Every structure is written in structure tokens, then in C-alpha cells.
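I opened this entry to look up charged pairs and nonpolar packing. My notes follow the order in which I checked things.

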Amino acid sequence: MAPVKEAPVSRQRRAQRKRSKTGCRTCRARHIKCDESPGGVCRNCTSTGRICEGYDLCRLPHKRSVVYLPDLASRLCWIMNSDEKRCFSYFHHHSISSLVSFFDSPLWQNLVRQLSHTEPAVYHAANMLGAVQEDSEENGMRLAGINLHRPRHRFALEQSVRSFALLNKRHASQDPQLKEATLVCCLLFTLSELLLGQYTTALRHLRSGLQILNEAAADTHCLPAIDQSLVEAFVRLDTQSSHFATDGPLLHLKRDAEEWSSGDAIPLPRNVQEARRELNHVLCKGIPFLSECWVLSGTEIELNFNSLRLTQQSLLASLSQHKQRLELFCKKSYAKLNAKEQRGVEILQLQYLDQILSVKTCFFNGPIPGYLTPEYVALLSAHESLMAKFPERSTITLDNGIIPGLYIVASKCPDYRVRLRAIRALQSWPHCEGFINSNIIASLALESLKRELVKVNKAELSLIVGDNEEELVRFLFDTLSCTEQAAYWSIIRASKILQHKP
């Protein structure tokens, strides 16, 4: 038999074999073999008068099915390597679409998208979030912590270092765009650390951004120059952090009062975004109040009952007014909205139902009375109905969505089987809503329910004892043990699970 001739190797394949996988960034971007000289720069660059961009700390594992943005490199005026292209594409294709899955947002669809193409610091921070989110999704949105044995975590760390270095270089710059670029980086760092379960670091980045905004608020010309959607994002995270920090909301912005008497002729929201702002205005007061009340003992509530009761009644009145305005807006405009806007309105309606029930029951230190069970069932059914119509199961958003309402049912409802239904709904959609991770909430509610059933010796205990449930509880305590200040979270203190840790 005649010997089989080896197929000729194409020039392209031969060229690929010569390319170094560990060379400097400049050579890799030029698709040529790097001599990898020690000392941080290669002779291949310096001998030709080029600036050597140095060596990367790590490389991501090869992945065949990678979608790049079309003509990506030509849009940017700095060197990109293949790993950065990959994570930058992931950020634009996936992260942004996830962040706007509940509501359209000029912050993500315009400002961040633009700055990531013009500001290298924002570009690297976006790569960090893209890498961390992709890794989190593969891990079922579990809070894995920083693990430098994971290639994406090493890559994310490298990108954050590059972003910090670029911001520090321009610290004394008078460039008016620097403030917005820094705020966007703080926001991207915060989200990345939350996905990693690094709450202490996330709060540190958030506080850095809040400090910039508070300083800008003192200058009548500075704050209006900052994109309003960026300010609103920090307001939402600042409000959510009430449950996860001991110092409460830190942003001090002068806002026009939005309270009115029933006789005032206030125009209805003109669109979903205005309706969403109205809700966020009420949440800025309601969420910190709940985080305060949930950790109070019965004695503390009794001693401060009059002032607490006044705040509670004021909040309930405000929630009812805004809920009625949303209903009138829906009656007038719902049919004209597109599918995403209609879903957004339904999310707002869930938030009002959740907040009203939460504020109404915030003084109960023990079991919730059984006569409130129908309200919990109605709240759960509304969430299940929305989830059935929500095929795009986003993994990260800044908005409150389904988690707070499902947590109220899963942790408070007098009917144990209804609580278990809510826990299963949380488990069916692993994702993060700002500071709130569905896995943490589901695990917390599951452990609290199990302890209550053990205490009262209920037969329903058999429904929640299994390998999956035990694994979830281990995940919860592993996360809490690795998180500074976790014992001070309002949801942890309210559950009392750390008082008698198994």
C-alpha cells in the first residue's frame, strides 16, 4: 500500500502554532511570537520602538463557542488580547442584556456601553464583571468567594488591577468625564464583588461611589452634570445595603418632596420609568425602616412603639397612594405598552404588594397570625404568575424583582406548605438582584423553616430533608462564615439562625 501523504498544513494554521500563548500583550495583539524576555517588557517590542504592554498574569482556558462583537478591535484605541475580547463581548452580549431584563436603562444601554469604548478603566472593569458573571453562572450563581485556582477569577483580579491603576494615574486630572468614569468603575466593581460573595469589599466600593456623589451634591454645578441614571443606580444599591451594613443609607441628596394630600392634583406617571421612580422613592424610606424593625426585640418595639407606629402608618399611606396611582396608570396606558413594559409594570405591582405586607407585619416578633395567610398566598401566586411569563431568566439586575416578595412568603407565612412553595420558586431562578442573592435567601428560608418544623414536630419536615437541602444549608453557613459582618445583616438577625448554629 502506498504511503498516505500528509495533508498540507495551511499558512493560517502554521502561523497559529507560532503564536505564543504566554507572550506580552503587544505581541499577542499583533499575532506574532513573543521572545518573552524577563523584566516586564520584551525585546521584540523595544527593538522596534513599540511600547510593550507587559505580560498578563493568567490566560483563560480555550473555548470554541465564543461570540465576539463585530469589528471590536477597530473601535478601541488600545491593545486588546483574545481573553479581553472574549470577556468584553460577554459583557456587551450578556451582562448588559441581563441588567436591563426588568426595565430599559440608559445607564447600561447608553452610558456604560459608551464609556467602556472610550475609557480604558471602564473597559477593564467591564471585563472583570463579564468574567465573574460567566463563572458565577457556571456555578449556579453560588457565592464562591475569590478562588485564584479558577482562571476567570485570576483574570478578573488582573483586570481590576489594571482599572485601578488607570484611575489612579488620572487622580489629579480635571477631565470632567473622569468623575463619571470613576463612578461607573465603582458600580462595576461593586457588582463583581457581590457575585463573588465579597460583601465587605462590595460595600467598600459602593461607599467610594457614594462619597463621590455626596461631595458632588455639595457643589450645585457638579451633581447635575452626572448622568441621572447613574445616580439612581447608586441610590438603589445604597437603599438595599440597609439590610447588609450597620451604618444604613449613606447618600445624602436633596430631593423634592413627593408627599401630597389626597386632594392634590398630581399628574399620573407618563411612562413606566416614571412609575418606577415613584416606587423607588418609597422604597428609599421603606427598606431602611424594615431593616430597622426586623432586628428589634419585643421589648424594644414596645418601648418605641409610638414613633415606630407613626412611621409605619405614614409608609402604608404612601404605599397605598402610589399603588393606586400605578393602578390608574395601568388602566389608562397598559394596553399601549410593549411586552417588556407590561412585565415591568407587573414587577412594580409585586413590589407594592410585597412592601405593604412587609410593613404591615414588621412588628410581629413571633409567628404571624393565621388570618393573614390569604395575603401571603395571593402574593406568592402573583409571583408565580409573573415567573411563568418570564422566559428570559436574567442572572443579575440592580432592581428589586421577585426575591424580596418570595422571601417574605418563604420566611413569614403561617402555612408551612406555602412557605415551601415560595422556597422552591426561589430555587427555580438562581440570580442576584443587587445585594440580594436568591441562593442565600432560599437557603436561609429553608433552614429557618426546618428549625421551626423540628421545634413543633410537624410531619412536613419530611418534605425538606434531603441531600439537596442539606447541601444548600452547608452553602449558607459556608458563605456566612466567610463574610465579615454577616451576623449583623438584618435578615440573619431576624432569622436568629446564628444564635444556635448547628
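Is Lys360 buried, partly exposed or exposed? I find Lys360 partly exposed, with a relative accessible area of 34%. I note that the model is a predicted one.

**Lys360 and its partner**

I looked up the pairing of Lys360 and found its side chain in a salt bridge with that of Glu375, at 3.0 Å from N to O. Lys360 belongs to helix H15 (residues 339–360) and Glu375 to helix H16 (residues 373–388), so this pair ties together parts 15 residues apart in sequence. Glu375 is also partly exposed, its relative accessible area being 33%.

**Asp399 and Arg276**

Next I took the salt bridge between Asp399 and Arg276, where the closest N and O atoms are 2.8 Å apart. This pair links distant parts of the chain, 123 residues apart. I place Asp399 in the loop between strand S1 (396–397) and helix H17 (403–412), and Arg276 in helix H12 (residues 272–294). Both Asp399 and Arg276 are buried.

**Arg152 and Glu138**

I then checked Arg152, whose side chain meets that of Glu138 in a salt bridge of 3.0 Å, N to O. Arg152 sits in helix H8 (residues 151–169) and Glu138 in helix H7 (residues 120–138), so the pair ties together parts that are 14 residues apart in sequence. For the whole model I have a count of 19 salt bridges.

**Nonpolar cores**

I turned to the nonpolar packing and asked which residues touch the most other members of the largest core. They are Trp108, Leu187, Leu188, Leu230, Phe234 and Ile491, in a core of 136 residues. Helix H9 (residues 177–196) gives this core its largest share, 13 residues.

I followed up on Ile491, leaving aside its neighbours within four places in sequence. Ile491 is in contact with Phe244, Trp294, Tyr407, Ile441 and Leu444.

Notes: Residues numbered from 1 in each chain as written. Predicted model: local features only at pLDDT ≥ 70, side-chain atom pairs only at ≥ 80, totals over all residues. Heavy atoms only, no water. Salt bridge = Lys/Arg side-chain N within 4 Å of Asp/Glu carboxyl O. Helix = DSSP H or I, 4+ residues; strand = E, 2+ residues; numbered from the N terminus. Buried < 20%, exposed > 50% of the residue type's maximum accessible area, 1.4 Å probe, protein only. Core = buried A, V, L, I, M, F, W, Y, C linked by side-chain atoms within 4.5 Å. Contact = heavy atoms within 4.5 Å.
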